[in-house]
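Colleague: I have not looked at this one before. Could you walk me through it?

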Amino acid sequence: MSSRPRASLGRILHDLGSTVLDVAASPGDLDAEVTGVHIYDPLDELLVPPGGIVLAVGIHRAEDIGALLRSAGQAAGIVVKVPVDVDELVRAAVAETGVAVLGLTRAASWAQVAALLRSLLAEGELAEPGEEPHGDLFSLANALCALLDAPVTIEDRSSRVLAYSGRQDEADAGRIETVLGRQVPERYQRMLDERGLLKELYQSREPVYMELPGDLTNRTAIVVRSGDEILGSIWAAVHEPLTEQRHRALADAAKVVALRLLRERAGADTQRRLRADLLSTVLAGGSGAAEAAGRLGVATQRLCVLAAQLTDTPEADPARGESDRQRFCDALALHVATIHPKAAAALVGSVAYAVLPITSGDGDGGADEEARAVRIAQDFLARVGPRHPANIGVGRLAASLGQVARSRADADRALRVLRARGTSGEAAGYTTVHFESLLLQVADVASAEEQTPTGPYQRLLAHDQEHGSELVATLRAYLDAFGDVNLASARVHVHANTFRYRLKRLVEISGLDLADPDARLTVTLQMRIFGP
């Protein structure tokens, strides 16, 4: 079996192109293997494993670049926003340490470049520059660029950029924005749709030439198909229609890309199923948890489980719903990986679970660490925002793998409470919703045993059903307002005297003693357990 090609620094720069990253100072060749992406924080100790790329956020001056180079250990390179201040001291530090200095275009955000680099490393099939293409999408994009003499992007069905060629700076600002964001901006998709160009493209099996307005470079595009299924599309930024020879080359390339996308989809599905199976084993605990955790590379102590679920997946389109859930899970996996390298996430059913190691803090043990996990979950929800409205339940701290199953159950229960509340975009720790969760569990038992309301509450429900009255709503408002008639009457939008009359009637009909605290507790719990 042949070994997998290394993700070298030179190969990554070749794939990204000078549009995003360029070499500011090099120790010579760029064949250093890249193993991961790390963000520099001046307040933290810099621990970079061999082959790491360091994103030097906030570093500008030459003396700071030199100091970072000497403290970066065996890193493959450091990334600084352009213009990069390179002087003789920096060049000397590069030569001494063997760490390259790369310049990042100012148009890119640090989040974008981190995602780009991680996605390239995740490809796992990078070749060295100058070698024969290994069949990956970036090699195909670069080969097409050479054939068509035009910068090329390969996109999926949702206009997400899967790969792109070099020479993207020869296109327009829209193309550069697309490459940096790995997604065609919505305004460009809307423009193409309004002009009928997308409809023409999806109805054709041949390349379609598109004349675009303003300072946008024209495009020639073709849909990538497998039979009648649309897998994606290929876009070339051109100034004029392709020649017949290049037209045929693009049509033939679409078939090659289709095969590649089908293989990648099959491989991705297999990997995702494997990760889901392994994470399910970890979450269940038991004898196989340690081995599964080792294969996933997750920590085994001081863990919190996060259970995340989308709140608006389209029921009419199961395929889109599954795609949205998988993208949401991928985003969660990336988020927790930036928090801790030994975190893991996978989609199990409709819920995305994450196992997140929580380092010991200075607070009150588990409660403090659960709160920190909730803040991490809230930060993630704020980042995905309206694109992925969701809720996240957070379990209690698990001191070992043996307690992970309990943390997972906690997270599920907290998530269920948020779902029962009808909220979206919320995160909650189990300890903060403990009693609500217990009430839901009691309701489950009552439902399973076919138990029904009894006593005063049952009599009020029967009266409301028979006469169309609102005595249950009156009682609920009264109890929620702690017996404040004026507040309760305002909540149900009736006059205080009318409310008092209804209150008197419900006491007469039900026999409920509102002066008895036990009676009030009993009817309140029945309302929560059985509902209206």
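Modeller: Start with Glu-450, which is in the loop between helix 14 (434–448) and helix 15 (455–467). Helices (H or I, at least four residues) and strands (E, at least two) are DSSP runs, numbered from the N terminus.

Colleague: What is the phi of Glu-450?

Modeller: Phi of Glu-450 is positive, about 55 degrees, although Glu-450 is not a glycine.

Colleague: Is Glu-450 buried or exposed?

Modeller: Glu-450 is exposed, with a relative accessible area of 68%. Buried means under 20% relative accessible area, exposed over 50%, and partly exposed in between (1.4 Å probe, protein chains only).

Colleague: Before we go on, what sort of model is this, and how are residues numbered?

Modeller: It is a predicted model, where local features need pLDDT of at least 70 and side-chain atom pairs count only at pLDDT 80 or more, while totals for chains, interfaces and linings use all residues. Residues are numbered from 1 along each chain as its sequence is written, and side-chain values use heavy atoms, with hydrogens and water left out.

Colleague: Ok. What about Asp-149, where is that?

Modeller: Asp-149 sits in the loop between helix 5 (137–148) and strand 6 (152–156). Its phi is near 55 degrees, a positive value in a residue other than glycine. Asp-149 is partly exposed, with a relative accessible area of 45%.

Colleague: Which residues does the cis peptide bond join?

Modeller: Val-82 and Pro-83, with omega about 0 degrees. Pro-83 is in the loop between strand 4 (77–81) and helix 3 (88–97).

Colleague: Let's zoom out. How many helices and strands are in the chain?

Modeller: The chain has 19 helices and 15 strands. Its C-alpha atoms fill a box of roughly 90 × 55 × 45 Å, taken along the principal axes. Of the 532 residues in the chain, 45% are buried.

Colleague: And the largest nonpolar core, how many residues has it?

Modeller: That core has 49 residues, and Leu-55 and Ile-234 have the most contacts inside it. Its largest share, seven residues, comes from helix 9 (residues 244–284). A nonpolar core is a set of buried Ala, Val, Leu, Ile, Met, Phe, Trp, Tyr and Cys residues joined through side-chain atoms within 4.5 Å.

Colleague: What does Leu-55 touch?

Modeller: Leaving out residues up to four places away in sequence, Leu-55 touches several residues, among them Val-37, Ile-39, Tyr-40, Trp-110 and Leu-117. Contact means heavy atoms within 4.5 Å. There is also a second, separate core of 27 residues, which includes Ala-308, Cys-329, Val-336 and Ile-376.

Colleague: Switching to strand 12, why is it largely enclosed by the rest of the structure?

Modeller: Four of the five residues of strand 12 (residues 344–348) are buried, so the strand is largely enclosed.

Colleague: In which sense do strand 12 and strand 13 pair?

Modeller: Strand 12 and strand 13 (residues 351–357) are antiparallel, over five bridges. Two strands pair if DSSP finds at least two bridges between them. Leu-347 stands opposite Ala-352 in strand 13. The hairpin has two residues between the strands, and Gly-349 in it takes a positive phi near 70 degrees.

Colleague: Last one: where is Ala-173?

Modeller: Ala-173 is in helix 6 (residues 173–181). It is exposed, with a relative accessible area of 59%. The C-alpha atoms of Ala-173 and Asp-215 are separated by 8.7 Å, with the two residues 42 apart along the chain.
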